[in-house]
Structure formats: structure tokens, C-alpha cells
Amino acid sequence: MVFPDIDVFRNFATVKSETLMNAIASTLHHFGNGFLPFAFSSLNREEESFSVTNKFAHATGARLQARHLNVYINGAHILKDINVEIPRNKITCIIGPSGCGKSTLLRTFNRLNDNIEGLRMTGEVTFDGDNILKAGSSRLSELRRNIGLVPQRPCPLPMSIYDNVAYGCRIHGIHNRHQQNKIVRHYLRAVGLWDEVKDRLSSPASRLSGGQQQRLCLARSLAVEPTYLLADESTSALDPISSHKIEELFTELKVNNSIVMVTHTLSQALRIADHVIFMYMGKVVEEGDAEQVFRHPKNELTRKYLNGAFS
Ligand SMILES: Nc1ncnc2c1ncn2[C@@H]1O[C@H](COP(=O)(O)OP(=O)(O)OP(=O)(O)O)[C@@H](O)[C@H]1O
């Protein structure tokens, strides 16, 4: 699947650095990229604690829902009458065979599909009661402050490892170098990357391996601590140990945040999902508590999928 918002960055190589930064800032502002400005909520790590409150996120008890959502691309009916509710402070896993619409649904939650040519959406996606499908640009940027997306393909910005994580803080007005250092260190540790990069923080992020880039992008998204983190196969390029670390991290994060992840790995969904959405050919076939869906699926199609009858 192509991500035009990410591809934009790849074309910046020859642009002057100041122009580049401005272009990135405005592009991110427009498209959102999972790390637009947020305030930071408190982090309870013994070695580093810092606290800035994301008032909007935690005061409103915001919830994310899709009602009668339909997505068409160039006339093709991609998402069909989707009705789901994403619970707060839980890990929701979206599962289903390739091409069933998982990423499209995930991206609809922060309007990242908007730039797809020929896109038409009907129905509602509500966040904190507001239909975000009708949100104007000012509401949209607020939305993207609260719903961050880590895309399927890692997309490091054309800057250093350090700056990739610190960037979100800066555009949100956190210019204190000491505080930035703490945040960068904290989130690189959280994703299990710190030991691998601590001696080369000023190197270009593009020199990292695919799995390292995937963790860097996750750190960048987490560093602005969204209310909802949308993760599209965020462990697909990782070895089992690194994947396990990320799963542990997501489990810790749900105390303050809500995670929605697309995964192809059923064993991963079994390990960490609290809530499951099973999709097939653009429809939600079954949704519910993970234990119920995995142990006692109501739908025959879900049962077949879980038993490996198709993938
Ligand atoms: N930009 C696009 N233009 C045309 N069709 C698209 C576009 N993006 C997605 N689609 C189509 O929408 C359908 C759902 O795609 P989507 O990427 O959401 O599926 P998925 O379940 O996430 O697949 P996978 O697990 O393989 O990543 C597919 O048939 C795909 O070809």
C-alpha cells in the first residue's frame, strides 16, 4: 500500500535545510504523521520522570467510534458499513486477511486517507462525540494531536536519530534541551533502541536498519503521547525479542493510552489484545472482548480464520 504522506519526505533530499524543516512542519501539520504536537502526560519511570499534562486527552474520556462508515476509492467499496467502538485504555487488535481493509480503517481514524485520490466516505467516525469526517482543518490538527499513527512502513524523517524523536517536542514548544534529552532517551529506551544508538544520536536516521527505523518511528510517535496510538503492523520488521519488548511497552502504555493495532500475527493478538475486530472483505465480521472472540467466536468465518482455514 502506498502512503503518499510518507513519500513526500523522500523527495526532500535536495531542499535547503530551513526550507526542508518548514516543508516538513507544514506537511505534517496537513497530513498528520503520528507525532504531531501533544502535551506530555506523566511518565512513571524511576530514572526519568517528567510531567506535562495532556488535558484534552485525559479530562474528556474521549472515545473513538465508527458508525455506518463506508469508504470508496475510485468507486470501489473498500469499507462496508463499519460499526465499531474502540475502548479506552485497552489494546484493540484489528485482524483479518490481507486486503480486507484493516489499514484503511486504521487510517480513517485520523483522516490519513484524505489524500487518496478518488476517496469518498460516508457515515461517521466520532472522537469525543464529534464526527471527525466533517472536521475542518483546525479541528483536524487537534484530532491528530490526540490520535497518532505509526505507519506500516517506517518513515524516518531526513534528520538525525535524535532529531527524529525530538522534533515533535520542538514544534510543540518544548525547546529546553535538557527536557528534550530526557524525552529522547526515555522513548528510545522504551522501544528498546537506546543501547543500539546512544553513541550515534547525531547520525542520520536513514542509516538505521529496517527494524531500527521501525522502532525509531514508534519512539517518535510515542514521544508526543497520543490518547490513541494507531499502530499498523508495528512489529513486522522486528525479531521476536524486539517484538516482545514492544508488546510489553503497549501493555504498559494502556494505563494512560489506548492502542489500536493492525496485526497479521494471530499469536501476537492472542498475547496482547483486550478487544478484537475481525474483518473480512471490507466488513467487520466480529468485534468484542478478546477472550470471547478467540475462545468462543460467534461467527463461523471468524472460527475458520482463527483455525487457519484461510489467511
Ligand atoms: N490508495 C488506494 N487506491 C486504491 N485502492 C486502495 C488504496 N488503498 C487501499 N486500497 C484497496 O483497499 C483494499 C483494502 O486495503 P488495506 O490496505 O486497507 O487492506 P489491509 O487489510 O490492511 O491489507 P494488508 O493486510 O495486506 O496490509 C485493498 O483492496 C486495496 O487494494
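1. Strands β9 (residues 275-280) and β10 (residues 283-289) pair in the antiparallel sense over 6 bridges. Pairing here requires at least two DSSP bridges between strands. Strands are DSSP E runs of at least two residues, helices are H or I runs of at least four, and both are numbered from the N terminus. I277 stands opposite E287 in β10. The hairpin has 2 residues between its strands, and M281 takes a positive phi near 45°.

2. A word on the source. This is a predicted model: local features need pLDDT of at least 70, side-chain atom pairs count only at pLDDT 80 or more, and totals for chains, interfaces and linings use all residues. Residues are numbered from 1 along each chain as its sequence is written.

3. Next, the ligand. It is surrounded by 12 residues, and the closest are I78, S98, K102, S103 and T104. A residue counts as near a molecule if its C-beta atom, placed from the backbone, lies within 6 Å of it. Helix α4 (residues 102-108) gives the most to this shell, with 3 residues.

4. Helix α7 (residues 177-190) has 14 residues. Its buried residues are I183, V184, H186, Y187, L188 and A190. Buried means that 20 or more other C-beta atoms, placed from the backbone, lie within 10 Å of the residue's own. Just after α7, G192 takes a positive phi of about 75°.

5. L230 touches L106, F109, N110, I147, G148, L149, V150 and V260, leaving aside residues up to four places away in sequence. Contact means C-beta atoms, placed from the backbone, within 7 Å.

Technical notes. Two residues are in contact if their C-beta atoms, placed from the backbone, lie within 7 Å. The expected span of a helix is 1.5 Å times one less than its number of residues. A residue is buried if 20 or more other C-beta atoms lie within 10 Å of its own, exposed if 12 or fewer, and partly exposed in between; C-beta atoms are placed from the backbone.
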